[in-house]
Amino acid sequence: MVSWVAVPTSPRVGPSVPARPAVRSTGAEKLGLVVGEHVVHDRFGAGVVLSVEGTGSHSRAAVNFDDHGTKQLVLAMTPLRRVSVPG
């Protein structure tokens, strides 16, 4: 003889995934970069700003680095320093 037992069910819970910490801004989005400006990146070295678009934490820049070519960068996440302003 087979007897059936009701087993209470609960929502399936998977392994807990820790929340990602907030990304800390590098501050490069606040530099007010302009086309032609010379900058330095911690990894890519010296470069020249080709374009800038967006505002605040969503701002991006295309920078042509001397030894690494052109990179598209999200400024809030990029360790970038101003070297000179064109003019």
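Here is a walk through this structure, from its sheet to a few of its side chains.

What you see is a predicted model, in which local features need a pLDDT of at least 70 and side-chain atom pairs count only at pLDDT 80 or more, while totals for chains, interfaces and linings use all residues. Residues are numbered from 1 along each chain as its sequence is written, and side-chain values use heavy atoms, with hydrogens and water left out.

Let's start with confidence. The pLDDT, the predictor's confidence in each residue on a scale from 0 to 100, averages 86 over the chain, and 77% of the residues score at least 70. Where pLDDT is low, the predicted coordinates should not be read in detail.

Now for the sheet. Strands here (E, at least two residues) are DSSP runs, numbered from the N terminus. An open sheet has 5 of them, in the order E4-E3-E2-E1-E5, with antiparallel pairing; two strands pair if DSSP finds at least two bridges between them. E4 (69-74) and E5 sit at the edges with a single partner strand each, so one side of each has no neighbour in the sheet. On average, neighbouring strands are turned by 40° against each other, direction ignored (the axes are lines fitted to C-alpha atoms). Take E2 (residues 45-53) and E3: they pair in the antiparallel sense over 6 bridges, and Ser 51 stands opposite Ala 62 in E3.

Next, have a look at the rings. The structure holds 1 aromatic pair; rings of Phe, Tyr and Trp (its six-membered ring) pair if their centres lie within 6.5 Å, and planes under 30 degrees apart count as stacked, over 60 as edge-to-face and the rest as tilted. Phe 44 and Phe 65 have ring centres 5.2 Å apart and planes at 45°, so this pair is tilted. Phe 44 belongs to the loop between E1 (38-41) and E2, and Phe 65 to strand E3, 21 residues apart. Buried means under 20% relative accessible area, exposed over 50%, and partly exposed in between (1.4 Å probe, protein chains only). Phe 44 is buried at 15%, and Phe 65 is buried at 2%.

Last stop: Ser 25, in the segment before E1. With 38% relative accessibility, Ser 25 counts as partly exposed. Ser 25 and Met 77 are 52 residues apart in sequence, but 5.8 Å apart in space, C-alpha to C-alpha.

Notes: Helix = DSSP H or I, 4+ residues; strand = E, 2+ residues; numbered from the N terminus. Axes fitted to C-alpha atoms, helices over the stretch in contact; angles between N-to-C directions.
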